[in-house]
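Hi,

Here is the structure I promised to pass on. Have a look at it first, and then read on for what turned up in it.

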Amino acid sequence: MVNHPAPAMPVETQFELLDLKQFSARQLRPLLESEAALWHERLRWDYSSSTELLLQYLDSRILPGFVVLDRGRLAGYTFCVYEGNKAVVGDAYAIGSTPEQTARITETLLRRLLDLLLETPSVGRIESQLLLYDAGSVDGGFREAGFARHPRLFMELNLSQARLSSPSLTPEIELMPWSSLYYQSAAELINLAYLGHVDAEINDQYCSLHGSLRFLHNIIRFPGCGVFEENNSWLLRERNTGQLSGMILCSRVAPDVAHITQLCIAPAQRGRGLGRLLLYHATNHLRRTGTAAITLTVTESNHQAVALYEDAGFHVRHRFDAMVLNRSSTLWMRG
Ligand SMILES: CC(C)(COP(=O)(O)OP(=O)(O)OC[C@H]1O[C@@H](n2cnc3c(N)ncnc32)[C@H](O)[C@@H]1OP(=O)(O)O)[C@@H](O)C(=O)NCCC(=O)NCCS
């Protein structure tokens with residue numbers, strides 16, 4: 001991977017744009033803590049374990065990214081991570097003196113990060129899902145570079161209002177709690193469930209078994225989507241064949257809020273009520289054990305899933321964008 005040195009360059013008169021690797025976790029901590037407070041306010045998400053993990057990475061000074069200094073004060077940062085020939089925009093966050101200035105600093109950081117990635121020939125694909133930002137709010141650099149935009153929804157279910165009747169299960173299928181014994185089969189199911197699916201255009205991990213294993217690994221071992229909860233995650237298995245028919249995976253994003261990180265049903269088993277059964281079962285279980293709300297993200301064009309969630313009482317709390325660029329399929333014309 002080629003890492004270009006980041007020369008200091010002016011943004012506005014008092015601003016400097018610098019390489020993230022020049023900064024320690026201690027210097028970045030106040031910015032990240034302010035960001036964590038925003039995650040909580042906007043998405044009910046306790047971001048502190050993600051913050052601590054990110055600070056460890058920042059201290060190892062390996063993350064490609066940039067910061068903006070405003071007269072010596074850290075006013076914003078952005079970074080990305082590489083997965084093979086793919087780059088994933090990890091985050092972008094800024095604190096300006098006005099909302100307009102905050103947006104300008106964020107856009108400047110993102111444009112510089114995209115420039116770095118576009119100048120790097122080994123980067124064949126770029127993915128971004130900046131959950132904190134309203135759809136269309138910081139997308140100038142992405143649009144100019146020719147990214148495809150996929151509108152996504154952040155949905156929430158208030159469990160004090162939800163009373164979902166559990167549908168009954170056909171005798172040939174059993175419901176069981178998540179077990180790591182099913183790690184490989186679960187990755188196979190994810191890979192199968194997203195064949196030709198819009199979410200596989202957004203996240204190319206779904207396109208291969210290796211990628212699906214990596215997706216599961218990230219969900220289960222790292223706190224990026226909350227802390228995985230084995231006892232709130234469920235599998236459906238065919239009694240005769242032992243094959244998995246579906247799964248719902250949940251994580252904890254705040255003491256009283258759970259997040260559904262995965263729900264899928266094998267294509268051959270769809271339309272029989274299994275998706276609804278898993279969703280309702282997990283929801284009832286979470287409610288009984290004291291969870292106040294459940295959140296999830298879903299692609300707006302995934303009408304079946306959106307219909308299922310709305311029917312269960314989920315409402316849209318926030319709209320954000322997934323941005324994707326496949327370099328092989330795009331002509332680069334940047335001056
Ligand atoms: C979304 C998914 C989990 C639904 O599972 P399923 O077992 O097929 O769904 P169910 O049979 O339980 O149907 C539940 C509801 O979903 C919606 N739904 C399911 N199939 C649908 C279809 N073909 N067209 C429109 N709505 C549909 C309906 O609201 C349905 O309720 P109804 O039967 O009362 O009309 C499944 O289609 C799937 O795995 N899709 C691929 C992965 C995915 O998109 N996961 C969600 C990511 S956020």
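Glu 52 sits in helix H2. Helices (H or I, at least four residues) and strands (E, at least two) are DSSP runs, numbered from the N terminus. Glu 52 and Glu 16 are 36 residues apart in sequence, and their C-alpha atoms are 26 Å apart in space.

Some background before we go on. This is a predicted model, where local features need pLDDT of at least 70, side-chain atom pairs count only at pLDDT 80 or more, and totals for chains, interfaces and linings use all residues. Residues are numbered from 1 along each chain as its sequence is written, and side-chain values use heavy atoms, with hydrogens and water left out.

Now the domains. The domain assignment of the protein gives domain 1 (9-123) and domain 2 (156-320); such bounds come from an automatic or database domain assignment. Their C-alpha centres lie 31 Å apart. How many residues of domain 1 are in contact with domain 2? There are 11, and they touch 21 residues of domain 2, where contact means heavy atoms within 4.5 Å.

Between domain 1 and domain 2, about 1300 Å² is buried, and carbon and sulfur atoms give 52% of that. Buried area here is the accessible area (1.4 Å probe) that two parts lose on being put together, summed over both. Arg 44, Trp 45 and Glu 83 supply 49% of the area that domain 1 buries against domain 2, more than any other three residues.

The rule also finds 4 salt bridges across this interface (a side-chain nitrogen of Lys or Arg within 4 Å of a carboxyl oxygen of Asp or Glu). Arg 44 forms a salt bridge with Glu 156, with the closest N and O atoms 2.7 Å apart. On the domain 1 side that touches domain 2, helix H1 (25-43) and helix H2 (48-59) each supply at least two residues.

Arg 44 has a positive phi of about 60 degrees although it is not a glycine. Arg 71 is not a glycine either, and has a positive phi of about 45 degrees. You'll find Arg 71 in the loop between strand E3 (65-70) and strand E4 (73-83), exposed at a relative accessible area of 64%.

Last, the rings. The structure holds 10 aromatic pairs. Why is the pair of Phe 142 and Phe 147 edge-to-face? The ring centres are 5.0 Å apart and the planes are at 90 degrees, so the pair gets that label. Rings of Phe, Tyr and Trp (its six-membered ring) pair if their centres lie within 6.5 Å; planes under 30 degrees apart count as stacked, over 60 as edge-to-face and the rest as tilted. Both Phe 142 and Phe 147 are buried.

Tyr 194 and Tyr 206 form a stacked pair, 4.0 Å centre to centre with 5 degrees between the planes. Both of these tyrosines are buried. Ring pairs also link Trp 39, Trp 45, Tyr 47 and Phe 154 into a cluster.

Cheers

Technical notes: Buried means under 20% relative accessible area, exposed over 50%, partly exposed in between (1.4 Å probe, protein chains only).
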